[in-house]
Amino acid sequence: MQTKIRKLLKENNAVLLAHNYEPPEIQALADMCGDSLELSIRAADTDADVIVFCGVHFMAETASILSPQKTVLLPRADAGCPMADMITPMALKARLAAIPAMPVVTYVNSSAAVKALSTICCTSANAIEVVQSLTEDELLMTPDRNLAQNTARHTDKTIHLWDGCCPIHDRLSVADVEAARKAHPEALFIAHPECRPEVVALADAALSTSGMMRFAAESEASEFIVGTEVGLLHPLAQKNPGKTFYPASETMICPDMKKITPRDILTCLENMSGQVRVPEEIRIPALAAVERMIALSR
Ligand code: 13P
Ligand code: SF4
């Protein structure tokens with residue numbers, strides 16, 4: 001299967017991108033694994049004709065926003081993101097009509113239609129930088145209330161919240177972290193900014209998934225309690241032999257990130273199926289918000 005997939009990728013001048021939470025067998029097939037920001041930048045920069053996106057729907061949409069001339073394939077149409085579903089363009093329009101005019105910072109974990117109504121996007125890797133780049137002192141941050149509150153601790157600006165969250169990260173509790181710290185007293189605790197503020201407050205560092213990879217590689221510590229989706233434990237252990245990684249909670253599993261199988265990749269490459277394309281009237285305004293963010297990282 002692996003040989004067939006590699007052959008089809010080559011024949012179609014296709015690149016396979018995988019998020020850091022994808023299962024090990026998918027990461028092993030990928031040309032590049034990364035966090036949301038790295039994958040967005042790679043999707044914008046690649047000269048491939050086809051992008052096979054092993055992640056969830058909003059990630060494939062972001063690739064299509066950045067590269068409308070490319071064919072973007074999501075091997076499983078039902079790989080979505082519950083947090084992205086917690087905001088709709090209609091609900092955002094209603095909120096904007098009810099508050100004074102202010103910029104809208106939208107997490108990339110959102111639909112293209114919501115990005116199209118936003119001033120600028122952010123990821124977990126650059127949320128603080130994005131907020132600080134604004135000239136205004138007041139802003140609305142959507143859809144993740146945890147990311148917004150964790151960002152608010154690093155700025156004097158007033159951040160209005162949207163009541164959304166990642167159900168997987170939101171379930172990590174202070175009690176879970178205390179239990180993990182008790183079991184592994186020498187370990188550093190690293191948390192994803194999608195975790196609740198009271199959990200992030202306990203962390204030695206709050207980082208995106210790739211930020212955690214770099215932190216673990218550079219740190220002199222040899223044990224880590226990892227406060228994010230458990231899929232990250234595999235690449236962390238693989239890239240850091242001799243270091244030990246413990247899940248902050250075994251329950252942090254995102255079912256949507258586990259849907260794509262090598263068989264799905266083969267099928268989508270054989271049939272060019274699973275295409276994700278954002279209509280131009282949404283893509284153009286969404287692109288402005290995504291490009292403003294990417295410009296800060298270049
Ligand atoms: P990052 O990899 O950008 O940290 O994103 C985490 C996530 O939840 C993606 O769905
Ligand atoms: Fe969405 Fe959370 Fe799954 Fe990421 S881990 S795709 S934010 S539900």
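I looked up helix α4 (residues 57–66) and helix α15 (residues 280–297) in this predicted model, and their axes come within 9 Å and cross at roughly 100°. They are therefore roughly perpendicular to each other, a label for angles of 65 to 115 degrees. The axes are lines fitted to C-alpha atoms over the stretch in contact, with angles running from 0 to 180 degrees between N-to-C directions, and helices are DSSP runs (H or I, at least four residues) numbered from the N terminus.

I noted that T62, I65 and L66 of α4 meet R283, A286, L287 and V290 of α15, where contact requires C-beta atoms, placed from the backbone, within 7 Å. By class I found 5 nonpolar, 1 polar and 1 charged residues (nonpolar: Ala, Val, Leu, Ile, Met, Phe, Trp, Tyr, Cys and Pro; charged: Asp, Glu, Lys and Arg; polar: the others, Gly among them).

I then turned to the domains, whose bounds come from an automatic or database assignment: domain 1 (2–79 + 257–280), domain 2 (84–168) and domain 3 (169–253). The centres of domain 1 and domain 2, taken over C-alpha atoms, are 26 Å apart, and 9 residues of domain 1 are in contact with 9 residues of domain 2. On the side of domain 1 that touches domain 2, α4 gives the most, with 4 residues.

For reference, I recorded that residues are numbered from 1 along each chain as its sequence is written, with chains lettered from A and ligands numbered from 1 in written order. Local features need pLDDT of at least 70 and side-chain atom pairs count only at pLDDT 80 or more, while totals for chains, interfaces and linings use all residues.

Conventions: Helices (H or I, at least four residues) and strands (E, at least two) are DSSP runs, numbered from the N terminus. Angles under 35 degrees count as roughly parallel, over 145 as roughly antiparallel, 65 to 115 as roughly perpendicular and the rest as oblique. Two residues are in contact if their C-beta atoms, placed from the backbone, lie within 7 Å.
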